[in-house]
Amino acid sequence: DQSSQPTQPQTDENAAPPQSLFQDGRYAHLWKNYRPQEQIEQAGRSESEQLADVIDTYNDRKARVARAALENCAMEQWAEHECFENGGIKGKLYLCKEPTRAFNRCYTMQARFLKALGYMSMQRTADEEERIQMHADKLYHQMLDREKAMKEAEENKLPAPEFKPLITSTSSTEILGVQQQDAQPQTTKEGLDMYTGEKRKAIEQSLADKKGSERELEIQLMAAEARANAEYAAVVHEHYEAEKKVRESRRERGRETVGDTI
């Protein structure tokens with residue numbers, strides 16, 4: 001039955017774009033020179049305006065990270081609220097220190113896990129955001145379980161348990177189910193190996209007061225956050241280079257502006 005066969009998408013040059021209500025090809029000639037509104041707007045924007053858009057996107061992603069971290073720490077936030085509302089004289093006397101500390105740590109670490117897992121990426125679907133948010137929450141509770149196991153081993157004078165890294169360079173792609181093309185894990189640098197010279201020395205100094213699993217986790221998070229920030233750094237660098245070429249072009253044509261000189 002041919003009527004039950006799925007309709008094949010049109011691939012010829014006269015096919016109507018997705019914006020057309022008539023996907024059977026009617027009025028395709030009217031859509032021949034169609035360009036999406038965002039494409040037109042982008043083409044008419046200067047490099048400075050496009051760079052401002054990147055910065056706005058970055059700030060928006062930071063705000064979304066904060067909201068996601070708060071959602072993941074809803075129980076800890078509620079416990080703090082309950083302590084201040086119904087914790088009695090003792091709880092208020094100590095300013096609900098323990099619930100507040102638990103909430104603050106949850107929020108800080110959840111936000112770091114979110115960033116390390118790629119939540120800050122400029123292009124994330126709602127499904128990808130949800131997966132990353134759920135995994136960040138999972139990692140946070142795994143971290144707490146590991147700390148508990150380490151403490152119990154220390155109290156019972158047992159060998160410290162060994163754990164696999166919570167965060168690696170492939171964590172984000174594994175969570176999202178993305179197959180890395182031309183991946184070479186054997187040459188991928190992890191942890192402090194990502195840094196050299198003075199940068200590495202400064203990081204090692206900042207970790208001097210941390211030991212064991214706490215130190216390892218901090219190294220993993222720092223490396224992952226650096227990888228996450230690299231995307232924005234690359235985009236910003238690209239815009240600066242493009243703007244530099246525009247200025248040089250104006251200078252060559254004798255149309256240099258005061259701003260170019262500055």
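At 46% relative accessibility, Arg101 counts as partly exposed. Here, buried means under 20% relative accessible area, exposed means over 50%, and partly exposed lies in between (1.4 Å probe, protein chains only). The model is a predicted one, in which local features need pLDDT of at least 70 and side-chain atom pairs count only at pLDDT 80 or more, while totals for chains, interfaces and linings use all residues. Residues are numbered from 1 along each chain as its sequence is written, and side-chain values use heavy atoms, with hydrogens and water left out.

Arg101 takes part in a salt bridge with Glu98. A salt bridge is a side-chain nitrogen of Lys or Arg within 4 Å of a carboxyl oxygen of Asp or Glu. For Glu98 and Arg101, the N to O distance is 3.5 Å. Both residues belong to helix α5. They are 3 residues apart, so about one helical turn separates them. Helices (H or I, at least four residues) and strands (E, at least two) are DSSP runs, numbered from the N terminus.

The whole structure contains 10 salt bridges. Glu129 and Arg61 form one of them, with 2.8 Å from N to O. Glu129 lies in helix α6 (residues 126–155), and Arg61 lies in helix α2. The pair therefore ties together parts that are 68 residues apart in sequence. Both partners are buried: Glu129 has a relative accessible area of 8%, and Arg61 has one of 5%.

Helix α6 also holds the pair Arg131 and Asp127. Their side chains form a salt bridge, with the closest N and O atoms 3.2 Å apart. The two residues are 4 residues apart, about one turn of the helix. Arg131 is partly exposed, with a relative accessible area of 36%. Asp127 is also partly exposed, at 41% relative accessibility. Elsewhere, salt bridges that share partners join Arg61, Arg64 and Glu129 into one network.

Covalent links come next. The structure holds 2 disulfides. A disulfide is a pair of cysteine sulfur atoms within 2.5 Å. Cys73 and Cys106 form one, with their sulfur atoms 2.1 Å apart. The angle about its S-S bond is -95 degrees, and the link is left-handed. This pair connects distant parts of the chain. Cys73 sits in the loop between α2 (47–72) and α3 (74–86). Cys106 sits in helix α5 (residues 97–116), 33 residues from Cys73. Cys73 and Cys106 are both buried.

The other link joins Cys83 to Cys96, with 2.1 Å from S to S. Its torsion about the S-S bond is about -95 degrees, so this disulfide is left-handed. Cys83 lies in helix α3, whereas Cys96 lies in the loop between α4 (88–93) and α5. The pair therefore ties together parts that are 13 residues apart in sequence. Cys83 is buried, with a relative accessible area of 13%. Cys96 is buried too, at 2% relative accessibility. With the bonded cysteines of the chain numbered in sequence order, the pairing is 1-4, 2-3.
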